[in-house]
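Have the viewer open as you read.

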Amino acid sequence: MKTRITELFGIEHPIIQGGMHFVGFAELAAAVSNAGGLGIITGLTQRTPELLANEIRRCREMTDKPFGVNLTFLPVLSAPDYPGYVKAIVDGGVKIVETAGNNPQKWLPGLHEAGVKVIHKCTSVRHSLKAEAIGCDAVSVDGFECGGHPGEDDIPNFILLPRAAEELKIPFVASGGMADGRSLVAALALGAEGMNMGTRFMATKEAPIHDNVKQALVAATELDTRLVMRPLRNTERVLRNAATDALLEKERTLGAAIKFEDIIEQVAGVYPKIMKDGAMDAGVWSCGMVAGLIRDVPSCKELIDRIMAEADAIIHKRLAGFAAG
Ligand SMILES: Cc1cc2nc3c(=O)[nH]c(=O)nc-3n(C[C@H](O)[C@H](O)[C@H](O)COP(=O)(O)O)c2cc1C
């Protein structure tokens, strides 16, 4: 399949693995890239730029295909060493960066000068247009269904993607709720030129996370996610568990007065406990509604091959069959 996204990133299939905290290590990124998609290392999961440089080296040992690095610009006062991370990316010869969170404008000249293509993740049409205006090469349009931070507009992809298609000139991928060949064909029909998956890639053999997490995804239905931190305007879609219930109870009782400090136990430093140790109630963790479509734990290659075969069958058999009448 050839789209502006496969051309831009030099990949075989228009499928991207979104950055995921304590999931997007070199093993997963390399497996996705080796399967013909675009694997992404999560920059900030590496505590220092030196560790990121090492992770990039490890990934390069496992694949000779293109892969990217996610840089999430957090709304925090004591910012991570972003100049150091950017330097590690550029010096490491990485040519694709997925940015997310705050406006990446400040970093674009340096990245572009080094020949790096930037895809910015946006949860609204206005942010997508801003990304285009500041010179991003592509956008990942992240609908309300998505695992992680869907923003505050609550527009699902059936509306958000065609709206993005109406306005954007640069190519974009559909993100949020994507799982299989049906998702890919639907995304293409709505104007996207590929898809980005987070939650689905967690339930793969190569995802270097505890099996408890993978089994939780297989067991979960589309009814099992919750939105937390809305009162803090930092909404996150997470899997329902004991920590989610405790956090939502605090939101109910404290109301508009709630502060980040009130929920620190449920959100701070919990990812290693869940992803590494498999302590499933240790805190809240991002998960998309798409969990309802996840029923197995294939290898990344099995997953991507299956998606492409299914997409092909839908386009050439199911849809072509309708057109024949
Ligand atoms: C466990 C988990 C951690 C995530 N961490 C990040 C992150 O650190 N930075 C980021 O930009 N997006 C992060 N995301 C969002 C994904 O990159 C992707 O946009 C999202 O998962 C797409 O929705 P889906 O889960 O329905 O596929 C995370 C998602 C999950 C499920």
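## The sheet

Eight strands form an open sheet with parallel pairing, in the order S1-S8-S7-S6-S5-S4-S3-S2. S1 and strand S2 (39–42) are the edge strands, each of them pairing on one side only. From one strand to the next, the twist averages 30 degrees. Please keep in mind that this is a predicted model.

S1 and strand S8 (residues 195–197) run parallel and are joined by three bridges. As background, strands of a sheet pair through backbone hydrogen bonds, either parallel or antiparallel.

## Helices around the sheet

Helix H7 lies across S6 and strand S7 (172–175), and runs at about 160 degrees to S6.

Helix H8 (residues 181–189) has several buried residues, namely Gly181, Ser183, Leu184, Val185 and Ala187. What covers them? The cover over the buried residues of H8 includes the strands S7 and S8 as well as helix H14. Just after H8 comes glycine 191, with a positive phi of about 115 degrees.

## Where H2 meets H3

Helix H2 (residues 26–34) and helix H3 (residues 49–62) have axes that come within 9 Å and cross at roughly 35 degrees. Their crossing is right-handed.

On the H2 side, the residues in contact are Ala26, Glu27, Ala29, Ala30 and Asn34, and these meet Glu55, Arg58, Cys59 and Met62 of H3.

## The nonpolar core

The largest nonpolar core has 81 residues, and those touching the most other members are Phe201, Met202, Met275 and Trp285. Helix H14 (residues 300–324) gives the most to this core, with seven residues. In general terms, nonpolar side chains tend to be buried together in soluble globular proteins.

Leaving aside residues up to four places away in sequence, methionine 202 touches Met20, Val23, Ala207, Ile209, Val213, Lys214, Leu217, Met275 and Trp285. Two of these partners, Met275 and Trp285, are also listed with Met202 among the core residues that touch the most other members.

## Loop residues worth a look

Phenylalanine 22 sits in the loop between strand S1 (15–17) and H2, and its phi is positive, near 60 degrees. Aspartate 154, in the loop between strand S6 (138–142) and helix H7 (157–167), also has a positive phi, of about 60 degrees.

Are these two residues buried or partly exposed? Phenylalanine 22 has 18% relative accessibility, so it counts as buried, the cut-off being under 20%. Aspartate 154 has a relative accessible area of 28%, so it is partly exposed.

Histidine 13 is found between helix H1 (4–9) and S1, and it counts as buried because its relative accessibility is 11%. Its contacts, not counting residues up to four places away in sequence, are Thr6, Ala35, Gly36, Gly37, Ile304 and Met308.

Definitions and conventions. Residues are numbered from 1 along each chain as its sequence is written. This is a predicted model: local features need pLDDT of at least 70, side-chain atom pairs count only at pLDDT 80 or more; totals for chains, interfaces and linings use all residues. Side-chain values use heavy atoms; hydrogens and water are left out. Axes are lines fitted to C-alpha atoms, for helices over the stretch in contact, and angles run from 0 to 180 degrees between N-to-C directions. Helices (H or I, at least four residues) and strands (E, at least two) are DSSP runs, numbered from the N terminus. A crossing is left-handed if the near helix is turned anticlockwise from the far one by less than a right angle, and right-handed if clockwise. Contact means heavy atoms within 4.5 Å. A nonpolar core is a set of buried Ala, Val, Leu, Ile, Met, Phe, Trp, Tyr and Cys residues joined through side-chain atoms within 4.5 Å. Buried means under 20% relative accessible area, exposed over 50%, partly exposed in between (1.4 Å probe, protein chains only). Two strands pair if DSSP finds at least two bridges between them.
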